Amino acid sequence: MSAIVLGKGDALLIVDMQNDFLPGGSLGVPEGDRVIDPINTLIELYAGRGLPVYASRDWHPGDHCSFSAQGGPWPPHCVADTAGAAFSNALRLPENAIVVSKAVTAAEDAYSAFNGTGLARAMLAEGINRVTVCGLATDYCVLNTVLDGIEAGFEILLALEGTRAVEVTAGDGDRAIARMLTRGAVPVRLSSGGLVG
Ligand code: VGL
Ligand code: ZN
(Lines give C-alpha, C1' and ligand atoms only; values in the text may rest on other atoms or scores of the structure.)
(Ligands and ions follow the chains in the order given, each with its own letter.)
Protein backbone atom coordinates (compact mmCIF):
# COMPACT_ATOMS: atom_id res chain seq x y z
CA MET A 1 0.00 0.00 0.00
CA SER A 2 1.46 3.32 -0.98
CA ALA A 3 0.04 6.82 -1.09
CA ILE A 4 -1.61 7.92 -4.29
CA VAL A 5 -0.70 11.44 -5.29
CA LEU A 6 -3.66 13.16 -6.89
CA GLY A 7 -3.08 15.85 -9.49
CA LYS A 8 -3.88 17.05 -12.97
CA GLY A 9 -5.47 14.26 -14.99
CA ASP A 10 -7.35 12.81 -12.03
CA ALA A 11 -11.15 12.81 -11.74
CA LEU A 12 -13.73 11.31 -9.40
CA LEU A 13 -16.72 9.45 -10.86
CA ILE A 14 -19.58 8.78 -8.44
CA VAL A 15 -21.97 6.17 -9.81
CA ASP A 16 -25.73 6.33 -9.19
CA MET A 17 -25.95 7.63 -5.62
CA GLN A 18 -29.70 7.96 -6.01
CA ASN A 19 -32.47 7.48 -3.46
CA ASP A 20 -33.90 4.41 -5.20
CA PHE A 21 -30.56 2.58 -4.76
CA LEU A 22 -30.32 3.43 -1.07
CA PRO A 23 -32.02 1.51 1.76
CA GLY A 24 -35.76 2.28 1.58
CA GLY A 25 -35.58 2.89 -2.17
CA SER A 26 -37.31 0.71 -4.75
CA LEU A 27 -34.04 -1.06 -5.58
CA GLY A 28 -32.21 -0.40 -2.34
CA VAL A 29 -28.68 -1.75 -2.10
CA PRO A 30 -28.02 -3.36 1.31
CA GLU A 31 -25.74 -1.02 3.30
CA GLY A 32 -25.82 1.39 0.38
CA ASP A 33 -25.97 4.27 2.85
CA ARG A 34 -22.63 3.17 4.31
CA VAL A 35 -20.83 4.52 1.26
CA ILE A 36 -22.09 8.09 1.69
CA ASP A 37 -19.50 9.21 4.25
CA PRO A 38 -16.53 7.74 2.36
CA ILE A 39 -17.79 9.30 -0.87
CA ASN A 40 -18.13 12.68 0.83
CA THR A 41 -14.51 12.32 1.92
CA LEU A 42 -13.54 11.49 -1.66
CA ILE A 43 -15.43 14.57 -2.87
CA GLU A 44 -13.42 16.73 -0.46
CA LEU A 45 -10.20 15.15 -1.68
CA TYR A 46 -10.92 15.82 -5.35
CA ALA A 47 -12.95 19.03 -5.30
CA GLY A 48 -10.58 20.42 -2.67
CA ARG A 49 -7.75 20.09 -5.18
CA GLY A 50 -9.82 21.58 -7.98
CA LEU A 51 -10.15 18.17 -9.65
CA PRO A 52 -13.36 17.38 -11.54
CA VAL A 53 -16.18 15.42 -9.93
CA TYR A 54 -18.62 13.52 -12.15
CA ALA A 55 -21.87 12.00 -10.89
CA SER A 56 -23.78 9.52 -13.01
CA ARG A 57 -27.44 8.79 -12.56
CA ASP A 58 -29.85 6.18 -13.85
CA TRP A 59 -32.50 8.33 -15.52
CA HIS A 60 -35.22 6.10 -16.92
CA PRO A 61 -38.57 6.80 -18.57
CA GLY A 62 -41.59 5.28 -16.77
CA ASP A 63 -41.81 2.43 -19.29
CA HIS A 64 -38.13 1.51 -19.29
CA CYS A 65 -37.25 -1.92 -20.69
CA SER A 66 -35.46 -2.95 -17.47
CA PHE A 67 -38.68 -2.71 -15.44
CA SER A 68 -40.56 -5.88 -14.58
CA ALA A 69 -43.82 -4.63 -16.17
CA GLN A 70 -41.88 -4.40 -19.44
CA GLY A 71 -40.41 -7.88 -19.01
CA GLY A 72 -37.15 -6.64 -17.49
CA PRO A 73 -35.30 -7.83 -14.37
CA TRP A 74 -35.88 -4.88 -12.02
CA PRO A 75 -38.66 -3.12 -10.14
CA PRO A 76 -39.30 0.40 -11.42
CA HIS A 77 -36.47 2.66 -10.27
CA CYS A 78 -34.89 6.01 -11.00
CA VAL A 79 -37.72 7.33 -13.15
CA ALA A 80 -36.57 10.72 -14.41
CA ASP A 81 -37.60 13.70 -12.26
CA THR A 82 -38.98 11.58 -9.40
CA ALA A 83 -37.74 11.67 -5.80
CA GLY A 84 -36.31 8.17 -6.23
CA ALA A 85 -34.09 9.37 -9.05
CA ALA A 86 -32.72 12.31 -7.07
CA PHE A 87 -29.23 12.12 -5.62
CA SER A 88 -29.13 11.42 -1.90
CA ASN A 89 -29.47 14.63 0.10
CA ALA A 90 -26.62 13.42 2.30
CA LEU A 91 -24.23 13.42 -0.64
CA ARG A 92 -22.25 16.66 -0.69
CA LEU A 93 -21.92 17.09 -4.42
CA PRO A 94 -20.00 20.20 -5.37
CA GLU A 95 -21.87 22.95 -7.24
CA ASN A 96 -19.82 22.28 -10.35
CA ALA A 97 -20.23 18.50 -10.34
CA ILE A 98 -20.86 17.20 -13.85
CA VAL A 99 -24.04 15.11 -13.99
CA VAL A 100 -24.14 12.21 -16.46
CA SER A 101 -27.60 10.76 -17.18
CA LYS A 102 -27.77 7.24 -18.59
CA ALA A 103 -30.36 4.78 -19.92
CA VAL A 104 -32.65 7.67 -20.74
CA THR A 105 -34.73 5.99 -23.46
CA ALA A 106 -37.29 3.19 -22.99
CA ALA A 107 -35.66 0.74 -25.36
CA GLU A 108 -32.09 0.72 -24.04
CA ASP A 109 -30.50 -0.06 -20.71
CA ALA A 110 -27.03 1.13 -19.79
CA TYR A 111 -25.28 0.01 -16.63
CA SER A 112 -22.11 1.86 -17.57
CA ALA A 113 -21.75 5.61 -17.16
CA PHE A 114 -19.71 5.51 -20.37
CA ASN A 115 -22.49 3.82 -22.38
CA GLY A 116 -24.22 6.25 -24.70
CA THR A 117 -23.31 9.32 -22.66
CA GLY A 118 -20.23 10.75 -24.38
CA LEU A 119 -18.44 10.62 -21.04
CA ALA A 120 -15.13 9.19 -22.32
CA ARG A 121 -14.82 11.89 -24.96
CA ALA A 122 -15.72 14.60 -22.45
CA MET A 123 -13.13 13.35 -19.97
CA LEU A 124 -10.42 13.08 -22.63
CA ALA A 125 -11.20 16.66 -23.69
CA GLU A 126 -10.50 17.69 -20.07
CA GLY A 127 -7.14 15.91 -20.07
CA ILE A 128 -8.34 13.25 -17.65
CA ASN A 129 -6.38 9.99 -17.73
CA ARG A 130 -7.14 8.48 -14.33
CA VAL A 131 -10.63 8.02 -12.90
CA THR A 132 -11.51 7.00 -9.36
CA VAL A 133 -14.83 5.15 -9.37
CA CYS A 134 -17.20 4.74 -6.41
CA GLY A 135 -20.94 4.38 -5.86
CA LEU A 136 -23.71 1.84 -6.48
CA ALA A 137 -23.98 -0.90 -7.27
CA THR A 138 -20.66 -2.77 -7.28
CA ASP A 139 -22.02 -5.70 -9.27
CA TYR A 140 -23.92 -3.71 -11.92
CA CYS A 141 -23.27 -0.10 -12.71
CA VAL A 142 -19.90 0.21 -10.99
CA LEU A 143 -18.67 -3.02 -12.61
CA ASN A 144 -19.73 -1.99 -16.10
CA THR A 145 -18.47 1.57 -15.67
CA VAL A 146 -15.05 0.34 -14.57
CA LEU A 147 -14.74 -2.18 -17.41
CA ASP A 148 -15.80 0.40 -20.01
CA GLY A 149 -13.45 2.99 -18.52
CA ILE A 150 -10.53 0.58 -18.84
CA GLU A 151 -11.62 -0.22 -22.40
CA ALA A 152 -11.66 3.51 -23.17
CA GLY A 153 -8.04 3.75 -22.00
CA PHE A 154 -8.42 5.30 -18.55
CA GLU A 155 -6.48 4.17 -15.54
CA ILE A 156 -9.17 3.19 -13.04
CA LEU A 157 -8.91 3.36 -9.27
CA LEU A 158 -11.72 1.52 -7.47
CA ALA A 159 -12.55 3.13 -4.12
CA LEU A 160 -13.42 0.07 -2.04
CA GLU A 161 -15.10 1.85 0.89
CA GLY A 162 -17.23 3.79 -1.57
CA THR A 163 -19.09 0.91 -3.17
CA ARG A 164 -21.64 -1.79 -2.21
CA ALA A 165 -23.28 -4.61 -4.17
CA VAL A 166 -26.91 -5.56 -4.80
CA GLU A 167 -26.01 -9.26 -4.60
CA VAL A 168 -28.99 -10.78 -6.39
CA THR A 169 -26.85 -13.87 -5.90
CA ALA A 170 -24.57 -14.07 -2.85
CA GLY A 171 -20.96 -13.39 -3.80
CA ASP A 172 -21.78 -11.17 -6.80
CA GLY A 173 -20.01 -8.23 -5.16
CA ASP A 174 -16.76 -10.08 -4.58
CA ARG A 175 -16.90 -11.60 -8.06
CA ALA A 176 -17.42 -8.16 -9.59
CA ILE A 177 -14.42 -6.78 -7.68
CA ALA A 178 -12.29 -9.73 -8.82
CA ARG A 179 -13.28 -9.10 -12.44
CA MET A 180 -12.43 -5.41 -12.21
CA LEU A 181 -9.03 -6.07 -10.64
CA THR A 182 -8.24 -8.80 -13.18
CA ARG A 183 -8.87 -6.27 -15.92
CA GLY A 184 -6.48 -3.78 -14.35
CA ALA A 185 -8.50 -1.63 -11.96
CA VAL A 186 -6.43 -0.65 -8.91
CA PRO A 187 -8.15 -1.07 -5.52
CA VAL A 188 -7.71 1.97 -3.27
CA ARG A 189 -8.71 2.88 0.26
CA LEU A 190 -9.04 6.08 2.23
CA SER A 191 -6.24 6.59 4.71
CA SER A 192 -5.17 9.56 6.83
CA GLY A 193 -6.62 12.22 4.59
CA GLY A 194 -5.65 10.61 1.31
CA LEU A 195 -5.79 7.52 -0.86
CA VAL A 196 -3.58 4.46 -0.66
CA GLY A 197 -3.41 1.64 -3.15
C1 VGL B 1 -28.31 -0.35 -11.48
C2 VGL B 1 -29.82 -2.09 -11.54
C3 VGL B 1 -30.59 -1.41 -12.46
C4 VGL B 1 -27.07 0.23 -10.88
C5 VGL B 1 -29.08 0.33 -12.39
O6 VGL B 1 -26.95 1.48 -10.82
O7 VGL B 1 -26.19 -0.54 -10.46
N8 VGL B 1 -28.70 -1.57 -11.07
N9 VGL B 1 -30.20 -0.20 -12.88
ZN1 ZN C 1 -31.59 1.09 -14.02
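1. The zinc ion (ligand 2) is held by D58 (OD), H60 (NE2) and H77 (NE2), at 2.0 to 2.2 Å. Donors here are N, O and S atoms within 2.8 Å of the metal (3.2 Å for Na, K and Ca), and water is not among the atoms, so sites may look incomplete. This is a predicted model, in which local features need pLDDT of at least 70, side-chain atom pairs count only at pLDDT 80 or more, and totals for chains, interfaces and linings use all residues. Residues are numbered from 1 along each chain as its sequence is written, chains are lettered from A and ligands numbered from 1 in the order in which they are written, and side-chain values use heavy atoms, with hydrogens and water left out.

2. What is the geometry of the site of the zinc ion (ligand 2)? The site is irregular, with angles of 86 to 173 degrees among its 4 donor atoms. Four donors count as tetrahedral if all angles lie between 85 and 135 degrees; four count as square planar and six as octahedral if opposite donors are over 155 degrees apart and all others between 65 and 115; anything else is irregular.

3. Along the chain, the donors of the zinc ion (ligand 2) are spaced as D-x1-H-x16-H. D58 belongs to strand β3 (residues 53-58) and H77 to the loop between β3 and β4 (98-102), so this pair ties together parts that are 19 residues apart in sequence. Helices (H or I, at least four residues) and strands (E, at least two) are DSSP runs, numbered from the N terminus. D58 and H77 are both buried; buried means under 20% relative accessible area, exposed over 50%, and partly exposed in between (1.4 Å probe, protein chains only).

4. H60 also sits in the loop between β3 and β4. Its relative accessibility is 1%, so H60 counts as buried. Leaving aside neighbours within four places in sequence, H60 is in contact with S66, F67, H77, C78, V79, A80, K102, A103 and D109, where contact means heavy atoms within 4.5 Å. H60 and T105 are 45 residues apart in sequence, and their C-alpha atoms are 6.6 Å apart in space.

5. Helix α3 (residues 138-151) and helix α4 (residues 172-182) have axes that come within 10 Å and cross at roughly 5 degrees. Axes are lines fitted to C-alpha atoms, for helices over the stretch in contact, and angles run from 0 to 180 degrees between N-to-C directions. α3 and α4 are therefore roughly parallel to each other; angles under 35 degrees count as roughly parallel, over 145 as roughly antiparallel, 65 to 115 as roughly perpendicular and the rest as oblique.

6. Which residues of α3 and α4 make the contact? From α3 come T138, D139, Y140, V142, L143, V146, L147 and I150, and from α4 come D172, G173, A176, I177, R179 and M180. These residues divide into 9 nonpolar, 2 polar and 3 charged. Ala, Val, Leu, Ile, Met, Phe, Trp, Tyr, Cys and Pro count as nonpolar, Asp, Glu, Lys and Arg as charged, and the others, Gly among them, as polar.

7. Of the 14 residues of α3, 11 are buried, so α3 is largely enclosed by the rest of the structure. The buried residues of α3 pack against β2 (10-15), β4, β5 (130-136), β6 (155-164) and α4. α3 is followed by G153, with a positive phi near 100 degrees.

8. Some backbone values deserve a check by eye. The peptide bond from L136 to A137 is cis, with omega near -10 degrees, and A137 is in the loop between β5 and α3. D16, in the loop between β2 and α1, has a positive phi near 50 degrees and is not a glycine. At 0% relative accessibility, D16 counts as buried. S192 is not a glycine either, and has a positive phi of about 35 degrees. S192 lies in the loop between β7 (186-191) and β8, and at 77% relative accessibility it counts as exposed.

9. I36 is in helix α1 (residues 36-47), and with 10% relative accessibility I36 counts as buried. Beyond its neighbours within four places in sequence, I36 is in contact with M17, L22, S88, A90 and L91. I36 and L91 are 55 residues apart in sequence and 6.2 Å apart in space, C-alpha to C-alpha.
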